[in-house]
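Hi,

Here is the structure I promised to send over. Have a look at it first, and then read on for what turned up.

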Amino acid sequence: GETFPWAGAGAGGAAQQAEGGGRRRRASRLGIMPKQSKDRISYFYDAEVGSVYYGPNHPMKPHRLCMTHHLVMGYELHKQMELYRPRKAHPVELAQFHSEDYVDFLARVTPEHVSENLQQLQRYNLGEDCPIFEGLFNFCQVYTGGSIDGATRLNHGLSDIAINWAGGLHHAKKREASGFCYINDLVLAILELLKYHPRVLYLDIDVHHGDGVEEAFYLTDRVMTVSFHKYGDYFFPGTGDVKDVGEKKGKYCSVNVPLRDGIDDVTFQRIFQPVMRKVMEMYKPGAIVLQERASRVLAGGHLGGALRGHQGSVLFRQIGQCHHIGERGSHPDLVREAYFGQGSGHCLSHDGRQPQEGHGRHGPAARGVLHQGRRRGGGGGRAGEQQGQVTTGLSRRQTNKNNIKRCFSTIHSFSFL
């Protein structure tokens, strides 16, 4: 990626600088000003992604990436990081996971030619949730290039933390789009990390199940996927049952923590921390990929609003390096609160233990964390998520409790030889 120092970040730079002093004073009062960090943090951002437009009334709003970037600048978090403009991933790189015919179609299709390609659009699941819009393939290349390059920097010891707001599109499959996602940059980043690490942990705290990544690695023990998500009541994508644990060599390497409506921040942390502590103890990954989201899907509910619980989960990491990719949110105020609420500035600080050196061609045993964020706004398809009926508080708590017991059983069943 191209290195460049931002002072004002584009057209709004002057206004942003004028407001910067006020933001810093407010941040100081709230206690969220960043501490001086010894971590080497790489931050990937391209203002181009802010102009991406999925279409009228579509819940996916990439312009929020620019909003978050302006907050990063306003709170002077950029002073803790090295700034990079991500390169565009080449089609051949995308085809390391996706089928060549699918990549080729994404590269060729334009909004003007949609009516001429109806059969292929249906084959690749392109349509209402995943529309064809101007600059689609360029968008895919940019967000994927940032994710791959972040993983590469971790592999070569050039970064302890890397951030790429635009990534984390975890629903995309090998040869089809799904849930607003076209190219699965997470899978491609994990494949890059596997060149140096014998085991990679994928952690997904999006409110939707990380089905695309789990499916990609369902048969291997080199990647453990862990997903905390809402499940049931026809909620998209409908996968991620606690009984789904992987198959063949990958048996017990898929850990799903399905949750019902009503969970709050405190409860989420009580679930998250012991589960992840046991995952780290049993699996001992060399790198972690973290997919994070900032979405409010439940009107008046708590599962989609447990933002600070998720911020706390980011702080609960057992490996010394981190790569943060992606930010999206279903509401501008929610995006601000999710990433800049009380204490959130510390998600860029190093508070994990130092990595231990390993041996052999894989290099350090604990080299990096790939932290990716995703926003979600709807889904039955994705754009029209059905809420279903809300169960009683007692029923929700019992369901969550039973799922956690099964989850621990899955983790204990895993044995690394």
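Which residues have the most contacts inside the largest nonpolar core? Please bear in mind that this is a predicted model. In it, Tyr-54, Leu-126, Tyr-182 and Ile-190 have the most contacts within that core, which has 63 residues. The elements that contribute two or more residues to it include the strands β2, β4, β5 (200–204) and β8 (287–292), along with the helices α2 (63–74), α4 (100–108), α6 (136–155) and α7 (185–193). Helix α6 supplies the largest share, nine residues. There is also a second, separate core of 23 residues, with Met-224, Val-255, Val-275 and Val-279 among them.

Ser-42 stands opposite Ala-162 in β4 and opposite Glu-82 in β3, while Tyr-43 stands opposite Ile-163 in β4. Together with α2, the strands β2 and β3 make a right-handed β-α-β unit.

The side chains are worth a glance too. In a regular strand they alternate between the two faces of the sheet. In β2, Ile-41 and Tyr-43 point one way and Ser-42 and Phe-44 the other, and all are buried. Strand β4 (residues 161–164) is likewise covered on both faces: Ile-161 and Ile-163 are buried on one side, and Ala-162 and Asn-164 are buried on the other.

Best wishes

Terms used: Residues numbered from 1 in each chain as written. Predicted model: local features only at pLDDT ≥ 70, side-chain atom pairs only at ≥ 80, totals over all residues. Heavy atoms only, no water. Buried < 20%, exposed > 50% of the residue type's maximum accessible area, 1.4 Å probe, protein only. Helix = DSSP H or I, 4+ residues; strand = E, 2+ residues; numbered from the N terminus. Pairing = 2+ DSSP bridges. Core = buried A, V, L, I, M, F, W, Y, C linked by side-chain atoms within 4.5 Å. Right-handed = clockwise from strand over helix to strand, strands pointing away.
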